[in-house]
Amino acid sequence: MLNATDQSFTRPAVPMAHPHGVTTATLDRHGPHESHQGHPHRDRPPCTTPLIELRGVTKRFGSKLVLDGIDLKLYANQAVAFIGPSGTGKSTIMRIISGLLEPDAGEVYVAGQRRQGLMGDTREPEGVDLRLVFQQAALFDSLTVAENVGFSLLQHSSLSAAEILPLVERALARVGLPGVGDRYPAELSGGMRKRVSFARAIIENPTSDDTRPELLLYDEPTAGLDPIASTIVEDLMRDLSRQVDNCSTYAVVTHQDSTIRRTADRVVFLYGGQIRWDGPVTEIDRTDNPYVRQFFSSAVDGPIRVAG
Ligand SMILES: Nc1ncnc2c1ncn2[C@@H]1O[C@H](COP(=O)(O)OP(=O)(O)OP(=O)(O)O)[C@@H](O)[C@H]1O
Ligand SMILES: [Mg+2]
């Protein structure tokens with residue numbers, strides 16, 4: 001076992017989930033030229049090719065048209081929040097961006113290259129290092145925290161357990177959880193489990209010569225957390241994006257007002273399969289877009305139809 005006190009371990013016989021995830025992204029149609037006032041990346045040069053571009057992306061599940069011809073560009077150095085009512089396709093768009101799900105129609109470009117099939121279908125690595133933090137923290141219950149955080153390095157690097165342990169500890173320290181490596185997920189609070197899933201996403205591989213820009217994808221990172229735990233996670237997202245070099249970018253799906261305001265530069269509002277609004281977070285209280293207004297006022301009346 002990968003254990004902070006016992007450095008011998010066995011590679012866990014657990015199927016590999018997609019490795020990790022956390023980032024900072026900004027808006028699409030406002031493009032990379034948009035100013036990043038107040039944002040940690042504002043001093044970094046913008047990258048002109050979108051990290052991700054969706055062209056006419058359509059996805060159905062059965063008779064339900066979830067995404068209906070979505071065009072979207074995610075640029076480096078931007079923090080983008082996908083918002084919208086439940087069931088509107090936010091997780092679906094994240095899964096398509098990450099390459100876990102294929103669109104029925106339309107194209108996905110990763111750093112300017114068209115993706116063929118799903119993530120991992122080709123031997124060549126994609127031009128962006130995509131890292132995911134799932135809606136559920138998605139830790140393996142039967143593995144310790146250290147084993148969860150070190151899992152991808154155990155599976156995909158030539159590093160020994162003894163070499164991985166300090167990297168695990170460093171990742172845990174970066175998310176404010178030093179010394180919890182020996183515990184099991186069930187022994188942690190929901191907020192701590194979320195932070196462990198961040199540590200898993202950001203663990204470094206010092207043997208890698210990967211210089212690709214990173215894109216962190218967070219699905220509902222603060223769902224189910226109390227306001228204080230939410231603030232800790234929101235601050236962590238911002239802090240991690242400041243610490244990561246090289247065009248670090250993230251996209252976040254969230255319902256939570258505090259998370260939208262505290263972590264996003266740009267907001268993309270999805271409803272009825274389409275992008276209904278796409279603008280800077282500073283505009284969400286000023287725009288008269290009826291979808292945005294209804295969402296932020298929690299009004300029953302408006303263009304958003306709530307089932308039941
Ligand atoms: N694998 C699947 N099979 C069938 N239907 C699916 C599948 N994945 C998603 N759906 C449906 O697609 C729609 C969009 O789902 P999605 O999870 O993207 O919504 P969401 O905006 O993330 O919602 P929430 O805010 O509740 O997480 C929903 O109606 C959902 O039931
Ligand atoms: Mg979802």
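**Around ligand 1**

Guide: Strands β1 (residues 52-61) and β2 (residues 64-74) run antiparallel and are joined by 8 bridges; strands here are DSSP runs of E with at least two residues, helices are runs of H or I with at least four residues, both numbered from the N terminus, and two strands pair if DSSP finds at least two bridges between them. This is a predicted model, in which local features need pLDDT of at least 70 and side-chain atom pairs count only at pLDDT 80 or more, while totals for chains, interfaces and linings use all residues. Residues are numbered from 1 along each chain as its sequence is written, and chains are lettered from A and ligands numbered from 1 in the order in which they are written.

Within this pair of strands, E53 stands opposite K73 of β2, and in the hairpin, which has 2 residues between the strands, G62 takes a positive phi near 60°.

The residues around ligand 1 are F61, K64, V66, S86, G87, T88, G89, K90, S91 and T92, where a residue counts as near a molecule if its C-beta atom, placed from the backbone, lies within 6 Å of it. By class, the shell has 2 nonpolar, 6 polar and 2 charged residues, with Ala, Val, Leu, Ile, Met, Phe, Trp, Tyr, Cys and Pro counted as nonpolar, Asp, Glu, Lys and Arg as charged, and the others, Gly among them, as polar.

Helix α1 (residues 90-98) is itself mostly covered, since 8 of its 9 residues are buried, that is, they have 20 or more other C-beta atoms, placed from the backbone, within 10 Å of their own. Among the buried residues of α1 are K90 and T92, both of which also belong to the shell around ligand 1. After α1 comes G99, whose phi is positive, near 85°.

Beyond the shell, an open sheet of 6 strands has the order β6-β7-β8-β3-β9-β10, with mixed pairing, and its edge strands, β6 (129-133) and β10 (274-280), each pair on one side only. Inside that sheet, strand β3 (residues 79-83) runs parallel to strand β9 (residues 266-271), to which 4 bridges join it, and V80 has R266 of β9 as its bridge partner.

Notes
Buried ≥ 20, exposed ≤ 12 C-beta atoms within 10 Å, placed from the backbone.
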